[in-house]
Amino acid sequence: MKNYQITEWCAHFIKEQVQEGDFCIDATMGNGNDTLLLSRLCGSSGRVLSFDIQKQALTNTEALLTKEQAPQNYTLILDSHEHIDQYTENASVSCIIFNLGYLPGGDHNLTTKKETSIPALTKALSLLKKGGLLSLCIYSGGDSGFDERDAVLAWLQNLNPRKFLVIKTEYYNRPNHPPIPVMIIRL
């Protein structure tokens, strides 16, 4: 049995969702692992937009995508995920990935914040096409604190159940505030 990390757990569902030719978004680029996954799944006929506010994230991601010979179907954008709606149309995206917290290996003082993440998530939901998937990993505790986690969980609980299916899981027996994986499907 595999010892799933949160990224592997979410990737399982993302792989079921994304097809060749799809349009996808990595809303929190980080070091580029999700961008690479989406690029490979979308293939040469698909398209991936990837966002981050840190130049280091773009540099790290470009290096990874080049090293791994990812299809040339991606655009790396130095901008906040809060502006995600300025780059595409409503109901056009198959899958959107958010990993809330800080850049792994980066400055732990630079983290996502509820003040930008909740508006970004709200906008992202309108970008999803019917049947589209939003994968959300919520990291909290230690450096990140709990404000964003608590605000996002409250926001999720209030999403219209006629429009969205929200599935929240947890690592129930892991210590030290394990990350929370959430899948949102647009109905």
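Student: In this predicted model, which strands does α3 lie across, and at what angle does α3 run to β3?
Tutor: Helix α3 is placed across two strands, β2 and β3. An angle over 145° counts as roughly antiparallel. Relative to β3, the helix runs at about 165°.

Student: What is the strand order of the open sheet?
Tutor: The sheet has seven strands and mixed pairing. Its edge strands are β3 and β6, each of which pairs on one side only. From one strand to the next the twist averages 15°. The order is β3-β2-β1-β4-β5-β7-β6.

Student: Which residue of β4 is the bridge partner of Asp26?
Tutor: Strands of a sheet pair through backbone hydrogen bonds, in either a parallel or an antiparallel sense. β1 and β4 pair in the parallel sense, over three bridges. The bridge partner of Asp26 in β4 is Ile97.

Student: Which residue of β5 is the bridge partner of Ile97?
Tutor: Strand β4, residues 93-100, runs parallel to β5, and seven bridges join the two. Strand β5 covers residues 128-138. Within β5, Ile97 has as its bridge partner Ser135.

Student: Is Ser135 buried or exposed?
Tutor: Ser135 sits in strand β5. Beyond its neighbours within four places in sequence, Ser135 contacts Cys10, Ile14, Ile96, Ile97, Phe98, Val182 and Met183. Buried means under 20% relative accessible area. Ser135 has a relative accessibility of 1%, so it counts as buried.

Student: How are α1 and α2 oriented, and what is the handedness of their crossing?
Tutor: Helix α1 (residues 6-17) packs on helix α2 (residues 33-42) at about 20°, and the axes are 10 Å apart. The two helices are therefore roughly parallel to each other. Their crossing is right-handed.

Student: Which residues of α2 meet α1?
Tutor: From α1, the residues in the contact are Ala11, Ile14 and Lys15. By class, the contact has five nonpolar, no polar and one charged residues. On the α2 side the residues are Leu37, Leu38 and Leu41.

Student: What covers the buried residues of α2?
Tutor: Seven of the ten residues of α2 are buried, so the helix is largely enclosed by the rest of the structure. Those residues are Asp34, Thr35, Leu36, Leu37, Leu38, Ser39 and Cys42. The cover includes α1, β1, β2, α3, β3 and β4.

Student: What is the phi of Gly43?
Tutor: Gly43 follows α2. Its phi is positive, near 70°.

Student: Where is Ala91, and what is its phi?
Tutor: Most residues other than glycine have a negative phi. Ala91 lies in the loop between β3 and β4, and at 44% relative accessibility it counts as partly exposed. Its phi is positive, near 55°.

Student: Is Asn176 buried or exposed?
Tutor: Asn176 is in the loop between β6 and β7. Although it is not a glycine, Asn176 has a positive phi of about 65°. With a relative accessible area of 69%, Asn176 is exposed.

Terms used
Residues are numbered from 1 along each chain as its sequence is written. This is a predicted model: local features need pLDDT of at least 70, side-chain atom pairs count only at pLDDT 80 or more; totals for chains, interfaces and linings use all residues. Side-chain values use heavy atoms; hydrogens and water are left out. Helices (H or I, at least four residues) and strands (E, at least two) are DSSP runs, numbered from the N terminus. Buried means under 20% relative accessible area, exposed over 50%, partly exposed in between (1.4 Å probe, protein chains only). Contact means heavy atoms within 4.5 Å. Two strands pair if DSSP finds at least two bridges between them. Axes are lines fitted to C-alpha atoms, for helices over the stretch in contact, and angles run from 0 to 180 degrees between N-to-C directions. Angles under 35 degrees count as roughly parallel, over 145 as roughly antiparallel, 65 to 115 as roughly perpendicular and the rest as oblique. A crossing is left-handed if the near helix is turned anticlockwise from the far one by less than a right angle, and right-handed if clockwise. Ala, Val, Leu, Ile, Met, Phe, Trp, Tyr, Cys and Pro count as nonpolar, Asp, Glu, Lys and Arg as charged, and the others, Gly among them, as polar.
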